[in-house]
Amino acid sequence: MYDLLLSFGLIILTGAVFRRSGIGIEASVLRQAISISVFNLFLPCLCIKVIYTAKIDIEALLVPAVAWIATLSGLFIAITVYAIFERFVHIKSSEKGILVIGAAFGNVTYLGLPVISGVYGYEAAKYAIFFDLLATTPLLWLVGASLASKYGENKRFDLRESLKTIFSLPPLWGILAGMGLRAINISLPEFMMKFLSMLGDLVAPLMIFSIGLALSIPKVKYAYVIVPAVVIKLAIVPIVAYTAALILGLKGTALASCIVEGAMPTMVLSLLIAIRFNLDESLAAFIIVVTTALSFVTLPIAIYLANYLL
């Protein structure tokens with residue numbers, strides 16, 4: 001486990017060094033190219049293979065329910081805490097918006113997928129994929145975007161646009177394609193499986209490297225305002241995920257995966273949400289940096305506890 005996390009940390013560090021090196025191509029351009037390639041090609045291929053080959057049981061189908069409960073609880077707790085917090089400390093609406101989103105939405109694909117598959121095996125990748133694409137991502141565009149629009153632009157977000165975004169996601173179509181192939185019982189030829197495997201295997205290293213490319217140390221005047229968000233994201237949300245998973249009857253790897261996914265640091269995409277909806281970009285970058293750095297301490301604890309509960 002520690003070797004895996006250390007290797008991830010080294011890849012992240014490599015990305016961060018590359019960002020500073022100025023060699024060849026700007027980090028922002030490279031990160032965008034990686035994100036587009038992974039999201040539109042490599043991740044859909046991984047989704048197809050995982051869903052096509054994995055055993056889809058009732059526990060796998062209940063994982064998204066855990067993700068919905070954990071994420072919505074994180075949002076509710078963060079909104080409540082910061083409503084109280086701003087009585088004592090002045091917080092701009094643009095700052096409050098990104099703090100609430102950063103407290104609830106975890107990096108469940110870019111970091112969660114490789115961690116889950118690395119610790120619990122390739123078969124467990126289905127839990128990470130379902131956690132994200134059937135819960136976290138829809139919630140991001142249905143609820144997160146609505147809150148971001150309210151805090152950043154003081155207007156309501158278009159539900160039609162949110163639904164259009166969700167149903168146009170290539171990884172979601174990868175899940176549906178995998179399910180379709182299973183349903184009609186088509187046996188894919190070996191070369192096609194190798195094709196999916198080779199492209200899908202690129203997802204983990206590229207996603208981890210892109211985290212390093214995205215990390216920077218911004219100047220934030222009121223750094224202490226992120227403390228409640230950090231505690232909610234790294235401590236409270238995984239506890240909620242564990243409780244919800246127990247209530248729903250999850251056991252074994254499914255239960256452990258929900259705990260670990262709940263403990264993931266703030267998602268990198270929250271920075272794009274901040275840019276899109278005029279939230280505080282510097283604060284968004286700061287909470288990503290802090291929670292990602294702290295996760296190399298908190299994730300081993302979460303994994304240890306999850307394995308202890310197996």
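Reply: Fine. N278 counts as partly exposed, at 48% relative accessibility. Keep in mind that this is a predicted model.

Me: Where is N278 found?

Reply: N278 sits in the loop between α13 and α14.

Me: And what is phi of N278?

Reply: Phi of N278 is near 60°, a positive value in a residue other than glycine. As background, most residues other than glycine have a negative phi.

Me: Which loop holds N185?

Reply: N185 is in the loop between α8 (170-183) and α9 (190-200). N185 is not a glycine either, and has a positive phi of about 60°.

Me: Is N185 buried or exposed?

Reply: N185 counts as exposed, because its relative accessibility is 67% and the cut-off for exposed is over 50%.

Me: One more loop. What about G249, where is its place?

Reply: G249 belongs to the loop between α11 and α12. With a relative accessible area of 40%, G249 is partly exposed.

Me: How far apart are G249 and L62 in sequence and in space?

Reply: They are 187 residues apart in sequence, and 8.9 Å apart in space, C-alpha to C-alpha.

Me: Moving on to pockets. What volume does the largest pocket have?

Reply: The largest pocket has a volume of about 750 Å³. Its lining is made of 30 residues, and S35, F39, Y110, L269 and L272 are the ones nearest its centre.

Me: Which helix gives the most to the lining of the largest pocket?

Reply: That is α2, with nine residues. The elements that each supply at least two residues of this lining are α2 (27-53), α6 (125-153), α10 (203-214) and α13 (269-276).

Me: How do the residues of that lining divide into nonpolar, polar and charged?

Reply: The lining of the largest pocket has 16 nonpolar, 11 polar and three charged residues.

Me: And the second largest pocket, how much space lies in it?

Reply: About 230 Å³. The second largest pocket is lined by 14 residues, with P238, I239, I259, A302 and L305 nearest its centre. Two or more lining residues come from each of α11 (227-247) and α14 (281-308). Of the elements, α14 gives the most, with six residues.

Me: What classes does the lining of the second largest pocket have?

Reply: There are 13 nonpolar residues, one polar and no charged ones.

Me: How many cavities of 30 Å³ or more does the count come to?

Reply: One. The largest cavity has a volume of about 50 Å³.

Me: Which residues line the largest cavity?

Reply: Among them are A70, T71, F105, F131, K233 and E261. Helices α3 (58-85), α6, α11 and α12 (252-262) each supply at least two residues of the lining. By class, the lining of the largest cavity has six nonpolar, four polar and two charged residues.

Me: Now the packing. How many residues has the largest nonpolar core?

Reply: The largest nonpolar core has 110 residues, and L113 and V260 are the ones with the most contacts inside it. Helix α6 supplies the largest share of this core, 14 residues.

Me: What does V260 touch?

Reply: Leaving out residues up to four places away in sequence, V260 touches V115, I116, Y120, L299, I303 and A306.

Me: Last topic, aromatics. How many aromatic pairs does the structure hold?

Reply: The structure holds two aromatic pairs. One is formed by F18 and F209, which are edge-to-face at 6.1 Å centre to centre, with 65° between the planes. F18 lies in helix α1 (residues 2-21) and F209 in helix α10, so the pair ties together parts that are 191 residues apart in sequence.

Methods
Residues are numbered from 1 along each chain as its sequence is written. This is a predicted model: local features need pLDDT of at least 70, side-chain atom pairs count only at pLDDT 80 or more; totals for chains, interfaces and linings use all residues. Side-chain values use heavy atoms; hydrogens and water are left out. On a 1 Å grid over the protein atoms alone, a cavity is a set of points where a 1.4 Å probe fits but cannot get out, and a pocket is an open set with protein on both sides within 12 Å along at least five of seven lines; lining residues have an atom within 4 Å of a point. Grid points are joined across faces, edges and corners, and a volume is the space filled by probe spheres set on the points. Helices (H or I, at least four residues) and strands (E, at least two) are DSSP runs, numbered from the N terminus. Ala, Val, Leu, Ile, Met, Phe, Trp, Tyr, Cys and Pro count as nonpolar, Asp, Glu, Lys and Arg as charged, and the others, Gly among them, as polar. A nonpolar core is a set of buried Ala, Val, Leu, Ile, Met, Phe, Trp, Tyr and Cys residues joined through side-chain atoms within 4.5 Å. Buried means under 20% relative accessible area, exposed over 50%, partly exposed in between (1.4 Å probe, protein chains only). Contact means heavy atoms within 4.5 Å. Rings of Phe, Tyr and Trp (its six-membered ring) pair if their centres lie within 6.5 Å; planes under 30 degrees apart count as stacked, over 60 as edge-to-face and the rest as tilted.
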